[in-house]
Amino acid sequence: MSNVKAEILKSAQTGHLLFDGAMGTQLQARGLPVGEQSEYFNMSHPEVVQAIHTEYVAAGADVITTNTFQTNRRKLPAAEVVPIIAKAIELAQAAHPKYVAYDMGPIGELMAPMGTLSFNDAYDVFAEQAIAAAEHGADLILIETMADLLETKAAVLAVKENTTLPVFATLTYQADGRTFVGTDPQTATLTIQALGVDAIGLNCSLGPEQLLPLVDDILQYATVPVMVQPNAGLPDIEDGQTVYHLTAAEFTKYLKIMLAHGVSIIGSCCGSTPEFTKSLRAVLNTQSKVTPQIKRHTAVTSSLQTVILDDGVHVIGERINPTGKKKLKAALREQDLGYIIKEALAQKDAGADILDVNVGLPELDEPKILLQVSQELQNIVPLPLQLDSADPVALEAAARQYNGLPLINSVNGKAESLAEILPIAKKYGGVILGLALDEDGIPDTAAGRLAIAKRIVETAGEYGIPKESVMIDPLVLTASAQQAQVQVTLDTIKLVTAQLGVKTVIGLSNVSFGLPNRELLNSTFLAAAVGAGLAAPIMNPLAKGTMNTLAALKVFKNQDTNSANYIEQAQQGKFTVTAGSPVGQAPTAKSTATTAQTAEGPLDLKQMIIAGRKELTAAETKRQLAELTPLEVVNQFFVPALDIVGAQFEKGELFLPQLMQSAEAVKNAQVVLKAALLQGDAPAQVAPEKILLATVAGDIHDIGKNIVRMVLENYGYQIVDLGKDVPIATVVATVREQNIKLVGLSALMTTTVRNMQATITAVRAAGLDVKFMVGGAVLNEEYTTLVGADYYAPDAMASVKIAQAFFK
Amino acid sequence: MDLPLDKAEVLRYLGYRRKQTLTAELATLVDEVMLEIQQVANPRYHFQIFDFEIIPEYDATTDDAGNRLARPAVHVLGTSLYLSGTDAVDHLIGADKIVLMVATLGIEVERQTRLYEVTDMTRALMFDASAVEYIEKIMDLQEFDVLAHVGPGLTLNRRFSPGYGNVPLDVQPEFLATLGINQKLGINLTETMLMVPRKSVTAFSGLFSSEPKEIRPKRRPPVGISADLLATHKWRIN
């Protein structure tokens with residue numbers, strides 16, 4: 001470690017560091033036009049920038065941050081980035097501060113999938129800056145004003161993988177206590193410090209008074225020094241302009257409280273002046289260091305919430321795992337992410353705290369799919385994930401881009417496993433799940449399993465992974481085959497909890513494999529395991545009996561305060577057990593299909609579709625399948641219903657939501673048909689006609705495209721849906737690989753219609769014989785010709801007509 | 001308290017025409033999503049008021065016949081923002097000042113829409129349509145806030161958004177940077193000039209001290225929105 005680095009870290013850990021204040025505010029006061037990128041001033045007005053730095057040094061700042069907030073190649077021409085960085089560092093050094101911090105702000109684009117910036121692109125943008133900053137003599141890197149947790153992660157990794165500089169990271173929170181992207185301070189602090197930053201904290205957006213509670217939150221979870229740079233209060237609008245009013249003295253008053261609570265690194269942000277720095281320096285001259293007591297937690301997070309596993313029982317939902325699940329296997333093969341997301345949402349609604357994600361199928365590219373599925377899930381489901389794979393490459397790929405702190409499933413006591421998996425957990429953070437087995441298999445004594453657990457915890461420690469970031473799975477064997485081993489699992493839970501001080505996880509339902517009434521066994525074993533100290537069962541949250549037992553256990557563990565949740569569930573009748581039915585068996589779904597009546601009698605499947613009764617069609621289809629083949633169901637009910645609905649829509653008698661209700665009714669029925677076909681004996685189907693759909697690069701509107709997809713699927717077409725913001729090369733490659741003949745492209749903006757044209761041109765240039773249909777709000781016949789497409793589809797029904805004519 | 005959203009507008013965004021039957025089920029669904037959008041959204045807005053000047057020849061292009069076509073612009077003084085195009089200039093004829101306004105519903109709406117796209121497409125579409133109506137109402141409310149801020153005697157004309165008429169959408173980066181919107185409201189821009197969260201609006205209006213009858217184009221009288229709502233809807237970020 002360089003001397004400077006050691007000095008900086010020592011100051012942060014055992015003393016204080018004082019950063020400077022606002023740069024933008026000062027530059028604007030000296031003539032920078034509002035809205036212009038201030039980085040250019042390094043080149044055009046170096047004397048102004050240097051003078052500001054010098055004033056802050058004179059006021060007592062230890063650290064000067066460079067004027068480089070958005071010196072990145074997404075904001076500036078690529079060729080200008082490095083020269084500006086070099087100049088900015090030179091200007092900061094010329095003010096002779098103790099240390100120069102390279103200032104790195106957000107890129108200014110939102111990360112995919114909400115936005116269009118990919119993790120790898122963000123990483124590259126930050127890496128370029130970090131490398132240049134290190135080369136040109138910055139002493140540390142400050143990542144600040146971050147709102148997106150994943151972007152912050154990309155930035156930290158870019159610094160740590162490309163330089164040896166200390167790295168501080170501060171996020172920016174709104175009045176609701178969250179960043180613009182929805183992350184709270186607890187989640188951000190746990191996630192970012194696990195990546196190995198040297199200080200963590202917050203800056204900008206609010207004044208010190210409003211930030212005080214958030215700072216206290218951060219202090220409660222931080223294991224590294226905490227940094228705070230508030231704005232000069234909340235601004236007012238005067239004469240139509242934003243004005244900051246807080247005085248340096250008032251500002252300092254709050255910072256003093258923060259120091260007393262344990263903050264180590266301070267400075268100021270928008271609206272502040274060197275006077276603020278001077279005032280803070282005066283405080284630091286008399287303030288002795290307050291070292292906060294560090295509390296350590298076993299915690300996992302998504303970008304939106306943290307689950308602390310220290311106390312109580314938490315459910316890890318097991319259902320996203322293809323083992324023994326035909327529908328999930330089919331969904332994974334067909335990249336039907338909607339199915340997987342619905343599985344996730346159902347588990348969340350049933351009470352899961354964390355979701356296991358396993359996509360291991362021999363024929364799939366597991367690293368790619370695990371990454372893709374975990375990203376999609378994170379975009380919609382707020383729960384933390386347990387990344388579950390036997391393939392270290394898949395675990396690393398998913399952990400690297402995971403938005404938060406994952407549970408990593410798993411490592412075991414084998415030397416090879418420890419060497420492959422622990423570095424991943426160390427580098428990306430998260431909790432590593434260690435299985436109590438090694439080269440010699442699963443020990444048949446609790447002492448034997450404890451010994452392996454101990455070895456895992458100790459080896460993790462050697463890699464720098466603290467004990468609280470390890471959980472142990474003592475392994476559950478089946479009572480039907482190895483009955484004597486059931487107690488060993490329970491004993492191991494006790495030993496690991498008591499002797500190692502480490503939390504445990506078990507795969508619950510293994511215990512009942514091969515025996516009848518499994519849920520009774522599962523729920524009883526759950527009670528025994530929780531009694532032994534279990535922290536988190538991996539289980540099926542949709543198994544009501546087991547979940548009921550869990551609800552009771554939470555009462556006894558004092559986790560369900562005042563039994564509030566239990567009472568609420570009881571009042572909703574959730575625990576009612578019908579006499580004679582086995583404990584916890586789900587009541588059979590009421591057959592609502594037969595209760596839907598018209599004046600003339602019950603609705604048949606065709607009428608249900610026409611009426612858009614999407615809640616009825618699945619059950620009715622199931623009923624029809626007792627008599628008819630899937631093809632007969634399609635021909636007798638789907639086709640005539642779709643014909644009627646389609647014709648009414650075209651005539652303007654129905655409006656879009658009505659068409660969609662019918663389309664969803666068909667879709668729900670198709671799910672049942674598909675399941676029937678998967679049951680095996682169905683005759684080999686004729687391969688359906690394939691259509692590729694995509695929202696073009698740069699466009700993230702996909703409701704329209706998704707409606708078209710649903711309606712085309714209603715008509716039996718197989719849709720290869722590439723999603724939104726689809727790179728041109730991906731369209732070209734998919735058309736080639738999957739031998740696609742008809743492509744539908746969507747674009748909603750005039751600015752993205754250009755990419756529609758570019759996509760079509762690229763596919764044609766690749767010599768592929770394809771027809772294109774296009775649609776989207778700004779499209780019309782004229783644009784269709786202009787972009788080189790073959791057909792214009794003004795609405796979803798039009799795309800059906802085009803497809804029908806094309807494939808005739 | 002919820003803002004009174006206009007159901008007829010939401011239905012219009014959904015392509016509804018009066019001769020069509022609106023089933024009770026769909027009508028109820030529209031009512032539901034109009035309430036839900038207000039629970040889910042995290043509305044914020046920001047405005048600033050500037051002096052401006054007209055630059056008669058801001059840039060120039062050449063037409064097919066080779067004639068030089070000068071293009072005027074509105075320069076927002078003290079900033080590097082130029083709103084080019086005759087439509088921008090015409091919009092501000094007779095105005096004393098220019099008001100720049102931005103509003104967003106926040107990322108929460110984005111997330112909820114995507115959820116519904118997976119679980120319930122019809123609801124996704126309706127939720128999206130309600131969001132369009134909601135953000136327009138928030139912009140209406142913002143206009144009342146502007147008027148309250150400037151005091152009596154001043155009037156706004158109708159708001160105008162970049163990307164319409166001949167005012168290019170390419171001005172968005174400057175527009176947002178001028179107000180510091182990325183930090184204030186959390187709006188990001190894609191390379192293709194798309195704002196994320198997508199339910200975000202940028203607009204400018206002229207501020208006039210002249211007789212209201214001379215002001216063109218007239219501000220549309222907002223339905224159901226009034227200055228009274230400002231007391232209970234504190235969404236302005238300064």
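Q: Hi! At what angle do H14(A) and helix H4 of chain B pack?
A: This is a predicted model, and in it H14(A) packs against helix H4 (residues 107–119) of chain B at an angle of about 115°. Their axes are 8 Å apart.

Q: Which residues make that contact?
A: From H14(A) come A:Glu376, A:Asn379 and A:Ile380. H4(B) brings B:Arg111, B:Arg114, B:Leu115 and B:Val118.

Q: And how do the residues of that contact divide into nonpolar, polar and charged?
A: In the contact of H14(A) with H4(B), three are nonpolar, one is polar and three are charged.

Q: Let's zoom out. How many residues of chain A are in contact with chain B?
A: There are 62 residues of chain A in contact with 60 residues of chain B. The area buried between the two chains is about 5100 Å², and carbon and sulfur atoms give 58% of it.

Q: Which residues of chain A lose the most area to chain B?
A: Those are A:Phe180, A:Ile237 and A:Phe655. Together they account for 15% of what the chain A side buries.

Q: What about salt bridges, how many are there between chain A and chain B?
A: The count is three. In one salt bridge, B:Asp120 partners A:Lys614, with the closest N and O atoms 2.9 Å apart.

Q: And how many residue pairs are in polar contact between the chains?
A: Between chain A and chain B, 22 residue pairs are in polar contact, both residues being at pLDDT 80 or more.

Q: Which elements of chain A give two or more residues to the side that touches chain B?
A: Among them are strand E8 (236–238), strand E9 (241–243), helix H13 (337–350) and helix H14 (366–380) of chain A. The largest share, six residues, comes from H25(A). By class, that side of chain A has 26 nonpolar, 20 polar and 16 charged residues.

Q: Switching topic: what is the strand order in the open sheet of chain A?
A: The sheet has eight strands in the order E1-E10-E7-E6-E5-E4-E3-E2, with parallel pairing.

Q: Why do E1 and E2 of chain A each have one side without a neighbour in the sheet?
A: Strand E1 (17–18) and strand E2 (63–65) of chain A stand at the edges with a single partner strand each, so one side of each is left without a neighbour there.

Q: How many bridges pair E7 with E10 in chain A?
A: Two bridges pair strand E7 (residues 226–229) with strand E10 (residues 265–266) of chain A, in the parallel sense. A:Met227 has A:Ile265 in E10(A) as its bridge partner.

Q: Which strands does helix H7 of chain A touch?
A: Helix H7 (residues 149–162) packs on the sheet and touches strand E3 (99–104), strand E4 (140–146) and strand E5 (167–171) of chain A. The direction of H7 makes about 175° with that of E4(A).

Q: Back to salt bridges: how many does the structure hold over all chains?
A: The structure holds 44. In one of them, the side chains of A:Glu161 and A:Arg400 meet at 2.8 Å, N to O. A:Glu161 lies in helix H7 of chain A and A:Arg400 in helix H15 (residues 392–400) of chain A, so this pair ties together parts 239 residues apart in sequence.

Q: Last topic, the backbone. Is the peptide bond from A:Ala112 to A:Pro113 cis or trans?
A: That bond is cis, with omega near 5°. A:Pro113 lies in the loop between E3 and helix H6 (119–135) of chain A. The bond from B:Arg216 to B:Pro217 is cis too, with omega near -20°.

Conventions:
Residues are numbered from 1 along each chain as its sequence is written. Chains are lettered from A and ligands numbered from 1 in the order in which they are written. This is a predicted model: local features need pLDDT of at least 70, side-chain atom pairs count only at pLDDT 80 or more; totals for chains, interfaces and linings use all residues. Side-chain values use heavy atoms; hydrogens and water are left out. Contact means heavy atoms within 4.5 Å. Buried area is the accessible area (1.4 Å probe) that two parts lose on being put together, summed over both. A salt bridge is a side-chain nitrogen of Lys or Arg within 4 Å of a carboxyl oxygen of Asp or Glu. A polar contact is a pair of N or O atoms within 3.5 Å; within protein, one must be able to donate a hydrogen and the other to accept it, and residues adjacent in sequence count only if both atoms are side-chain atoms. Helices (H or I, at least four residues) and strands (E, at least two) are DSSP runs, numbered from the N terminus. Ala, Val, Leu, Ile, Met, Phe, Trp, Tyr, Cys and Pro count as nonpolar, Asp, Glu, Lys and Arg as charged, and the others, Gly among them, as polar. Two strands pair if DSSP finds at least two bridges between them. Axes are lines fitted to C-alpha atoms, for helices over the stretch in contact, and angles run from 0 to 180 degrees between N-to-C directions.
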